[in-house]
Amino acid sequence: MKKKLLSMILATTMVAATLAGCGSSAETAAPAEETTEEAPAEDAAAEDTAEAPAEDTAADTAAAGGKIGVAMPTKDLQRWNQDGSNMEAQLVEAGYEVDLQYASNDIATQVSQIENMINSGCELLVIASIDGDSLGTVLEQAKEKNIPVIAYDRLIMNSDAVTYYATFDNYMVGTKQGEYIKEQLDLDNADGPFNLEIVTGDPGDNNARFFYGGAMDVLQPYIDEGKLVVKSGQIDFETVATANWATETAQSRMDAIISANYADGTQLDAVLCSNDSTALGVTNSLEANYTGEWPIITGQDCDKPNVKNMIDGKQSMSIFKDTRTLASKVVEMVDAIMQGGEAPVNDTETYDNGTGVIPSYLCEPVFADASNYKELLIDSGYYTEADIQ
């Protein structure tokens, strides 16, 4: 399986064709405020809409499409703002009423928001969970009301209420990061040894384990033979995980690693960072504490500050997951389900949430660096030049 995935990675081309057929622009009206108290007001608005005169065709279309609840974890990370706004725009365009909520990375808030969605007439839920194990009880309510649930980008664990999973190929994200380090250091030919440090994501996010696993499947053989050396000794997932993917937490940990292992001028050759918020923390720490030659730094999400760092040579690459593509696929899945059919999937083997394998649709990520970011991010309309200046 690993050989097949690595062959796919080496065969994957970083072309703009992966962006063909994307949905609407990433810019849309500001999402609803992150308060559960707003749900009744939204319900009232929905009822008013349903009772509007027949000539109000826009209201009729929304009412005919049905009401979809979209639960996002936080506004603190740029990517979730884009995920939420892209999905809301495309669902509205498809004729649905949308209840979009952000939970400020607070599990109790997200549970309350989902409960309100269930009780306010949402006919389908799309949920990017804060903690994959935290939603079992509230999703039992959805199951009792026969409300389908699509887990969005983060697999919801240990709940048989999850109907489908829509995400990017998260194992491939990790393998692409690992392959990038392997190729940039020329590990198959160079003598080494090279010094590597590892910074991955939130232990409550199931994706973090896929990112870590994919990368380590590439890099572990070189660690085992001594060509890659982790001077801090911090290798296992629990040790290198970063709570809430927080930039400040990654920065603090990297400060300690540099102080203990690289303050004497020892060269740090690469830092495997699973996403851009952790990569930003590592970069901040290096700028403040490190005097050696700049290392290779990986990332994910192509957040604006990180794209700027790529242009400036401070971050080597970032995995690009076009949220418009994933939003478009989720809208297709919603349409199929709401019309009484089965959602399109392309993986029925990989993602077991503890109650069984969840039928999934996996979008393919690509990596961006200083050589191709304009093609992937600017020419595609994902960002403007002004966004990353």
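Helices (H or I, at least four residues) and strands (E, at least two) are DSSP runs, numbered from the N terminus. The model is predicted, so that local features need pLDDT of at least 70 and side-chain atom pairs count only at pLDDT 80 or more, while totals for chains, interfaces and linings use all residues. Residues are numbered from 1 along each chain as its sequence is written, and side-chain values use heavy atoms, with hydrogens and water left out.

**View A. Gly 132 in the loop between β3 and α6.** This loop runs between β3 (124–127) and α6 (136–144). Gly 132 has a relative accessible area of 4% and is therefore buried (buried means under 20% relative accessible area, exposed over 50% and partly exposed in between, with a 1.4 Å probe and protein chains only). Beyond its neighbours within four places in sequence, Gly 132 is in contact (heavy atoms within 4.5 Å) with Leu 155, Ile 156, Met 157 and Gly 204. Its C-alpha atom is separated by 8.2 Å from that of Asn 158, 26 residues apart along the chain.

**View B. Val 126 and the largest nonpolar core.** A nonpolar core is a set of buried Ala, Val, Leu, Ile, Met, Phe, Trp, Tyr and Cys residues joined through side-chain atoms within 4.5 Å. The largest has 59 residues, of which Val 126 and Leu 196 touch the most other members. Helix α8 (residues 206–224) gives the most to this core, namely nine residues. Another core, of 25 residues, lies apart from it and includes Ile 118, Ile 127, Leu 155 and Tyr 171.

**View C. Arg 324 in helix α13.** The helix comprises residues 323–338. Arg 324 counts as buried because its relative accessibility is 4%. The side chains of Arg 324 and Asp 322 are joined by a polar contact of 2.7 Å (a pair of N or O atoms within 3.5 Å; within protein, one must be able to donate a hydrogen and the other to accept it, and residues adjacent in sequence count only if both atoms are side-chain atoms).

**View D. Ser 104 and Cys 302, two residues with positive phi.** Ser 104, although not a glycine, has a phi of about 55 degrees; this residue lies in the loop between β2 (97–102) and α5 (107–119). At 44% relative accessibility, Ser 104 is partly exposed. Cys 302 has a phi near 55 degrees and belongs to the loop between β9 (296–297) and α12 (304–311). With 0% relative accessibility, Cys 302 counts as buried.
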